[in-house]
Amino acid sequence: NRDRNGKKVPANEYIISELEKIDELQSQGKFNDSIKRADRCLKTVKSYPEDTMSNKDDVMANIYSLKGNALLELQKYKEAKHFHNQDLEIAEANNNEEGKSRALDNLGRVHARMGEFEQAIECWTTKLPMAGNALEKTWLYHEIGRCHLEIGNHAEAKENGEKSQAAAEEAADDMWKLNATVLIAQAEVKLGEHSEALQSFESAMDMAKLQGDSAAETAIKKAINDCNTRIAQQLKED
């Protein structure tokens, strides 16, 4: 590959520059353009002889990952899944933990968007031991809990909500503390634990107020009213 002045660019320099450009296009929301650029880059990488490029597999996996992410944003879920699976296959073949972690993360997202909640849980649960820090764990536990809530595993949803909350405490992340508390409260409602749910929602309300999150405040206020209605109903029946 040559630069604008016709000078030959070393393979690695060209690749790094291309990957940055693909990334930049995605951050601008230009997903179709990023796919075209990824395809061109992939073709070039495949044409390099193995001996001139020691990390050829890693680079290809990286491009598959970027392409999968763009396709996910374009709601082309089946194609996105295909490329993230290719990323995972390369990572597994090369025993690349970082690549495996990335691919499982992305596959979980695709499955969840497709409503394939059990597969999403499987991907994210496999990724959990590879999570680098508490912030990554709080996100993973929250997403796993959400999926459990979707398929009616309410006790598992609550348990993962509590794990997410603990990780959010460790990460000192207020937004995720709020998200985890809401998830716990929603699971408690489904479990028929209405007074516990009320406490959880009230605690979430305090957090939302502190964070100035008015959208969350509105949603939580409605949930608190629903909880109070259910509790009153239960007292009547009893």
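1. Helices α10 and α11 of this predicted model are roughly antiparallel to each other, because their axes cross at roughly 160 degrees and angles over 145 degrees count as roughly antiparallel, those under 35 as roughly parallel, 65 to 115 as roughly perpendicular and the rest as oblique. Helix α10 comprises residues 194-211 and helix α11 residues 214-237, and their axes come within 9 Å. Axes are lines fitted to C-alpha atoms, for helices over the stretch in contact, and angles run from 0 to 180 degrees between N-to-C directions. The crossing of α10 past α11 is left-handed, that is, the near helix is turned anticlockwise from the far one by less than a right angle.

2. The contact (heavy atoms within 4.5 Å) involves, on the α10 side, His194, Ser195, Ala197, Leu198, Phe201, Glu202, Ala204, Met205, Ala208 and Lys209. On the α11 side, the residues include Ala216, Ile220, Ile224, Cys227, Arg230 and Gln234. By class, the contact of α10 with α11 has 12 nonpolar, 4 polar and 5 charged residues; Ala, Val, Leu, Ile, Met, Phe, Trp, Tyr, Cys and Pro count as nonpolar, Asp, Glu, Lys and Arg as charged, and the others, Gly among them, as polar.

3. Residues are numbered from 1 along each chain as its sequence is written. Local features need pLDDT of at least 70, side-chain atom pairs count only at pLDDT 80 or more, totals for chains, interfaces and linings use all residues, and side-chain values use heavy atoms, with hydrogens and water left out. Helices (H or I, at least four residues) and strands (E, at least two) are DSSP runs, numbered from the N terminus.

4. The crossing of α3 and α5 is left-handed. From α3, Ala61, Asn62, Ser65, Asn69, Leu72 and Glu73 meet Arg102, Asn106, Arg109, Val110 and Arg113 of α5. The residues of this contact divide into 3 nonpolar, 4 polar and 4 charged.

5. Within α5 lies Asn106, which counts as buried at 8% relative accessibility. Buried means under 20% relative accessible area, exposed over 50%, and partly exposed in between (1.4 Å probe, protein chains only). Apart from neighbours within four places in sequence, Asn106 is in contact with Ser65, Asn69 and His84.

6. Helix α6 (residues 117-127) has Phe117, Ala120, Ile121, Cys123, Trp124 and Lys127 buried. Seen down the axis of α6, these buried residues fall within an arc of 165 degrees, so they line one face of the helix; the arc is that of the directions from the helix axis to the C-beta atoms. The buried residues of α6 pack against α5 (97-113) and α7 (134-150). Glu118 and Glu122, on the other side of α6, are exposed.

7. Pro129 is placed in the loop between α6 and α7 and is exposed, with a relative accessible area of 71%. Pro129 and Ser101 are 28 residues apart in sequence, and their C-alpha atoms are 9.2 Å apart in space.

8. Two loop residues deserve a check of backbone geometry. Gln75, although not a glycine, has a positive phi of about 60 degrees; Gln75 sits in the loop between α3 (56-73) and α4 (77-93) and counts as exposed at 56% relative accessibility. Asn95, although not a glycine, has a positive phi of about 55 degrees. Asn95 belongs to the loop between α4 and α5 and, at 61% relative accessibility, counts as exposed.
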